[in-house]
Amino acid sequence: MKRRTIFYRAVVVVITALLMAIPFATQAPAQTPNPNSPPLRNIVQGYEPVFMAGASAYSVFTTDTASAHQVWYRISGGDALFRQRLRVYQENAGPRPQNQLPPDSARRQELLSNDPTGWFMFPATTGISTYYFDGDHRSRGSQEWQDAFGLKVQRTRYANGNLYELGFEDQESLDDFNDIEIQVVILQPQP
């Protein structure tokens, strides 16, 4: 009888520990700050900027399930009349349609300024993943964040990844695309 009681107590302790660990195991680890720059090597090609009127977010993604990849990002600056916000999401799925963000449970960071930051990086991982960078603004006196009215994307391809320079616009007139500027790097060997 005593052995059975000890056994049941041990089972309850193990089950309780497993149940308590489930929420932490299902969440992706948060990005970590890094004092270094991403180790991009050898420029292969630079591309002309692409202007996306009406875009409020940008995503980078990988569909290569075998190769490891790693995403780095930082706010590089901005010149804005309004308060700026960057929200970063990570989802283990292919990209969603333009301007559709994943659920809030996939949000990994929120920065409430366009002041330059150091680099943040996600842990290296394999599999299909999409990373979303959402630029918002809030005018003085308003309590509501508003989506960007558009963005500019400049891509540079390197031997071991891509650099994306994003510039969000907070004016409907789409004037300078520099209200919050972000750099995003996805490190992954080119096929």
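Is Asn99 buried, exposed or partly exposed, and what is its relative accessible area? I opened my notebook on this predicted model with that question, and I found that Asn99 is partly exposed, with a relative accessible area of 36%. I counted it as partly exposed because 36% falls between the limits of under 20% for buried and over 50% for exposed.

I then looked up where Asn99 sits, and I noted that it belongs to the loop between E6 and strand E7 (107–111). Its phi is near 70°, which is a positive value in a residue other than glycine. I wrote beside this that most residues other than glycine have a negative phi.

My next entry concerns the largest nonpolar core, which has 23 residues, and in which Leu86, Phe133, Tyr164, Leu166 and Val184 touch the most other members. Among the elements that give two or more residues to this core I listed strand E4 (57–62), strand E9 (129–138) and strand E13 (180–187), and it is E13 that provides the largest share, four residues. Apart from this core I found another one, of seven residues, including Trp72, Trp119, Val185 and Leu187.

Last, I followed Phe133 and, leaving aside its neighbours within four places in sequence, I found it in contact with residues including Ala57, Tyr73, Leu86, Arg87, Leu166, Phe168 and Val184.

Methods. Residues are numbered from 1 along each chain as its sequence is written. This is a predicted model: local features need pLDDT of at least 70, side-chain atom pairs count only at pLDDT 80 or more; totals for chains, interfaces and linings use all residues. Side-chain values use heavy atoms; hydrogens and water are left out. A nonpolar core is a set of buried Ala, Val, Leu, Ile, Met, Phe, Trp, Tyr and Cys residues joined through side-chain atoms within 4.5 Å. Buried means under 20% relative accessible area, exposed over 50%, partly exposed in between (1.4 Å probe, protein chains only). Contact means heavy atoms within 4.5 Å.
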